[in-house]
Amino acid sequence: MISVVDLQKYSLFGGLMAEQIERVIPLLTIESYPEGTNIITEGERNDRIRFILDGRVLVIRNGVQLNELGEGETFGEMEILDVMPAVATIRSHAPTRVAAISNRALRDIYKMDVSAFSMIIMNLARDLSRRLRRMDELACEDQK
């Protein structure tokens, strides 16, 4: 089982107090994937945010590898925020274990503790902003 101490090291839970994390833990599901498994498939619906506990995943769009994510990084947040089909395939690059928060669990967090919900959404926005900056930098390097 995952503990408060385990979760405090992940950016998704930054700024949350231990008691808030304790209330979120029962809403998480732990998923394990062998290497080479599509966790999310481009064009299909996804109803959960996942963050990597251990392992690595590849981000693939139109057959092109865009990125590689590792421990502590999140994926699936775009579909949660904009409620559209997945824009990329996420494939395990090694045996991978993730914790997932479903759309339903997010609603439950909102009902239970709006402050914790707000902090999780803010942390997601920060993670997305960092990822966008990184992609912008890569695009600019390609232009040189």
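Me: Axes are lines fitted to C-alpha atoms, for helices over the stretch in contact, and angles run from 0 to 180 degrees between N-to-C directions. What is the angle at which the axes of H4 and H5 cross?

Reply: The model is a predicted one. Two packed helices are described by the distance between their axes and the angle between them. For H4 and H5, the axes come within 5 Å. They cross at roughly 135 degrees.

Me: Which word describes how H4 and H5 are set to each other?

Reply: Angles over 145 degrees count as roughly antiparallel, and 65 to 115 as roughly perpendicular. The crossing angle of H4 and H5 is roughly 135 degrees. The two helices are therefore oblique.

Me: Which residues in H5 meet residues in H4?

Reply: On the H4 side, the residues that take part are Leu 106, Ile 109, Tyr 110 and Met 112. Their counterparts in H5 are Val 114, Ala 116, Phe 117 and Ile 120.

Me: Which residues of the largest nonpolar core touch the most other members?

Reply: This core has 23 residues. The elements that give two or more residues to this core include helix H1 (4–8), strand S3 (48–54), helix H4 (103–112) and helix H5 (114–143). The residues touching the most other members are Leu 7, Phe 13, Phe 51, Ile 101 and Ile 120.

Me: How many residues are in the core that lies apart from it?

Reply: Among the members of this other core are Ile 39, Ile 52, Leu 69 and Ala 86. The count of its residues is twelve.

Me: Which residues is Phe 51 in contact with, leaving aside neighbours within four places in sequence?

Reply: Phe 51 is among the residues that touch the most other members of the largest nonpolar core. Its contacts include Glu 73, Thr 74 and Arg 97.

Me: Why is S8 largely enclosed by the rest of the structure?

Reply: Buried means under 20% relative accessible area. S8 has seven residues, and it is largely enclosed because the number of them that are buried is six.

Me: Which strands stand at the edges of the open sheet?

Reply: The sheet has four strands in the order S2-S7-S4-S5, with antiparallel pairing. From one strand to the next, the twist averages 35 degrees. An edge strand has a single partner, so one side of it is left without a neighbour in the sheet; the two in this position are S2 and S5.

Me: What is the bridge partner of Ile 40 in S7?

Reply: S2 and S7 (residues 89–92) run antiparallel and are joined by two bridges. In S7, the partner of Ile 40 is Ile 90.

Me: Is Asn 62 buried or exposed?

Reply: Asn 62 lies in the loop between strand S4 (57–61) and strand S5 (64–69). Its phi is positive, about 50 degrees, although it is not a glycine. Most residues other than glycine have a negative phi. The relative accessible area of Asn 62 is 63%, and a value over 50% counts as exposed.

Me: Is Asn 123 buried or exposed?

Reply: Asn 123 has its place in helix H5. It touches Ser 11, Leu 12, Phe 13 and Gly 14, not counting residues up to four places away in sequence. Its relative accessible area is 5%, so Asn 123 is buried.

Me: What is the distance from the backbone oxygen of Ser 11 to a polar atom of the side chain of Asn 123?

Reply: Ser 11 lies in the loop between H1 and H2, and at 30% relative accessibility it counts as partly exposed. Beyond its neighbours within four places in sequence, Ser 11 is in contact with Gly 72, Asn 123 and Asp 127. From its backbone oxygen to the polar side-chain atom of Asn 123 the distance is 3.2 Å.

Me: What is the C-alpha to C-alpha distance between Asp 127 and Ser 11?

Reply: Asp 127 is found in helix H5 and is buried, with a relative accessible area of 11%. Not counting residues up to four places away in sequence, Asp 127 touches Ser 11, Leu 12 and Thr 74. Asp 127 and Ser 11 are 116 residues apart in sequence, and their C-alpha separation is 7.7 Å.

Definitions and conventions
Residues numbered from 1 in each chain as written. Predicted model: local features only at pLDDT ≥ 70, side-chain atom pairs only at ≥ 80, totals over all residues. Heavy atoms only, no water. Buried < 20%, exposed > 50% of the residue type's maximum accessible area, 1.4 Å probe, protein only. Core = buried A, V, L, I, M, F, W, Y, C linked by side-chain atoms within 4.5 Å. Contact = heavy atoms within 4.5 Å. Polar contact = N/O pair within 3.5 Å; in protein donor to acceptor, adjacent residues only side chain to side chain. Pairing = 2+ DSSP bridges. Parallel < 35°, antiparallel > 145°, perpendicular 65-115°, else oblique.
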